Amino acid sequence: TGHVVINDTLTFSAMATDPTATAQTKVYNKTAGGGGTGLYFRNSNIGSGAVGELISKSKATALAIALG
């Protein structure tokens, strides 16, 4: 059906460089940046293939309060 179910922990090895942007979303780990998680994604259809970092709950809450 095209679904993947994982009932356990996923462990990502740190990437030395960002992967090439493609039409498929790539999720990977490297040193944490402004989002505070170190969990990054890249897709050529999102932001012209720019790298994005998933933001942590605490950072998102702080931004919501600051910009609220």
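## Salt bridge

Asp18 and Lys30 form a salt bridge, their closest N and O atoms lying 2.7 Å apart; the term covers a side-chain nitrogen of Lys or Arg within 4 Å of a carboxyl oxygen of Asp or Glu. The pair links distant parts of the chain, twelve residues apart: Asp18 is in the segment before strand 1, and Lys30 in the loop between strand 1 and strand 2. Strands are DSSP runs (E, at least two residues), numbered from the N terminus. A search of the whole structure finds one salt bridge.

Asp18 is partly exposed at 30% relative accessible area, and Lys30 is partly exposed at 24%. Buried means under 20%, exposed over 50%, and partly exposed in between (1.4 Å probe, protein chains only).

## Model basis

This is a predicted model, in which local features need pLDDT of at least 70 and side-chain atom pairs pLDDT 80 or more, while totals for chains, interfaces and linings use all residues. Residues are numbered from 1 along each chain as its sequence is written, and side-chain values use heavy atoms, without hydrogens and water.

## Arg42

Arg42 lies in strand 2 (residues 39-42). Arg42 is buried yet has no salt bridge, and the nearest side chain of opposite charge, Asp18, is 4.8 Å away. Lys and Arg count as positive, Asp and Glu as negative; His and the chain ends are not counted.

Beyond neighbours within four places in sequence, the contacts of Arg42 (heavy atoms within 4.5 Å) include Asp18, Pro19, Tyr28 and Val51. The Arg42 side chain reaches the backbone oxygen of Pro19 at 2.7 Å.

Key
Helix = DSSP H or I, 4+ residues; strand = E, 2+ residues; numbered from the N terminus. Polar contact = N/O pair within 3.5 Å; in protein donor to acceptor, adjacent residues only side chain to side chain.
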